[in-house]
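User: I'm new to this one and would like to get my bearings. Can we go through it in questions and answers?

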Amino acid sequence: TFPRTLRFVLFSGEEEGLCGSAAYVDEALENDEAIVAVYNMDMIAWNSDKAPIMRLHTRTEDAPGHAEDLAIAQVFVDVVETYGLGRQLRPEITPDGLDESDTFSFWEAGYPGVLAIEDDGAEVDDFNPNYHSADDTVDAFNLAYYTSFVKASVGAAATLASAGLAAAREGIYVSGSLELADGQLAMALLHLGQAGDAQLVVATFGDDTQPATASGTWRAGED
């Protein structure tokens, strides 16, 4: 069992201004939730060249909380090395404080986290050309890259859940996104807490951009 609770939460409204994650963070602050780490997966299946680069975005080096973000990123890097995934996945830490994904909502509230994403660096011409189009389908994925990305993500989440990054905080958050058929973006966050239970939270938005959230909690050993 894990010493922390793990939540997997889907947020919608990211493209409209990080609406889902902002609403979630507001509620977390209101409830005085203590969060050790946010691991945000955003676009993890495209790689068209021979360099299997993926990026771990953190806050800028001079920003408060950068050291905590860096510690989370380093866990991912160590997992890739430990489990021999280096040939399929090459993580690069990018301390730029990117504000275009849901990690930013948590950073703004002082919660540590990283954005894990395909190689989106401006200096490398390997950005997904099918981005936000009907051509962004499974057959265009690099499945070996995607599988390695998922393996490393699971390993990083389990490692973060097992070892305390900050004794004063509890809870590991792992998030991912899914584009729905109607064009809405749903996101999920998996939260692992000290009680050893895992909670899945799914948040979606209606026309009024108000989040509708469904969640469930599973104790270790339960189906």
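User: Is Phe-11 buried or exposed?
Analyst: Keep in mind that we're looking at a predicted model. The relative accessible area of Phe-11 comes out at 1%. Anything under 20% counts as buried, so Phe-11 is buried.

User: How many aromatic pairs turn up in the whole structure, and how is the pair of Phe-11 and Phe-106 classed?
Analyst: A search of the whole structure turns up nine aromatic pairs. For Phe-11 and Phe-106, the ring centres are 6.3 Å apart and the planes sit at 50°. Planes under 30 degrees apart would be stacked and over 60 edge-to-face, so this pair is tilted.

User: How many residues apart are Phe-11 and Phe-106?
Analyst: Phe-11 is in the loop between strand 1 (5-10) and helix 1, while Phe-106 belongs to helix 3 (residues 103-108). The pair therefore links distant parts of the chain, and the separation is 95 residues.

User: And Phe-106, buried or exposed?
Analyst: Its relative accessibility is 2%. With the cut-off for buried at under 20%, Phe-106 counts as buried.

User: What about the rings of Tyr-24 and Phe-106: how is that pair classed?
Analyst: The ring centres of Tyr-24 and Phe-106 lie 6.4 Å apart, with the planes at 50°. Tyr-24 sits in helix 1 and Phe-106 in helix 3, so the pair ties together parts 82 residues apart in sequence. Tyr-24 is buried too, at 11% relative accessible area. By the angle of its planes, the pair of Tyr-24 and Phe-106 is tilted.

User: How far is Ala-34 from Tyr-111 in space?
Analyst: Ala-34 lies in the loop between helix 1 (19-30) and strand 2 (37-41), and is partly exposed, with a relative accessible area of 29%. Ala-34 and Tyr-111 are 77 residues apart in sequence. In space, C-alpha to C-alpha, they are separated by 8.5 Å.

User: How wide an arc do the buried residues of helix 1 cover around the axis?
Analyst: The buried residues in helix 1 are Gly-20, Ser-21, Tyr-24, Val-25 and Ala-28. They're on the same side of helix 1, because the arc they cover is only 125°.

User: How far apart are the end C-alpha atoms of helix 1?
Analyst: At 1.5 Å a residue, its 12 residues should span 16 Å. The distance in the model agrees with that: 17 Å.

User: Which element gives the most to the largest nonpolar core?
Analyst: That core has 22 residues, and those with the most contacts inside it include Tyr-39, Met-54 and Phe-149. Strand 2, strand 3 (53-58), helix 2 (66-82), strand 5 (113-118) and helix 4 each give two or more residues. Giving six residues, the top contributor is helix 2.

User: Which residues does Phe-149 contact, leaving aside its neighbours within four places in sequence?
Analyst: Phe-149 is among the buried residues of helix 4, a helix covering residues 143-162. With those neighbours set aside, its contacts are Tyr-39, Ile-44, Met-54, Phe-76, Leu-89, Ala-116, Ile-117 and Glu-118.

Note on methods: Residues are numbered from 1 along each chain as its sequence is written. This is a predicted model: local features need pLDDT of at least 70, side-chain atom pairs count only at pLDDT 80 or more; totals for chains, interfaces and linings use all residues. Side-chain values use heavy atoms; hydrogens and water are left out. Helices (H or I, at least four residues) and strands (E, at least two) are DSSP runs, numbered from the N terminus. The expected span of a helix is 1.5 Å times one less than its number of residues. Buried means under 20% relative accessible area, exposed over 50%, partly exposed in between (1.4 Å probe, protein chains only). A nonpolar core is a set of buried Ala, Val, Leu, Ile, Met, Phe, Trp, Tyr and Cys residues joined through side-chain atoms within 4.5 Å. Contact means heavy atoms within 4.5 Å. The arc is that of the directions from the helix axis to the C-beta atoms. Rings of Phe, Tyr and Trp (its six-membered ring) pair if their centres lie within 6.5 Å; planes under 30 degrees apart count as stacked, over 60 as edge-to-face and the rest as tilted.
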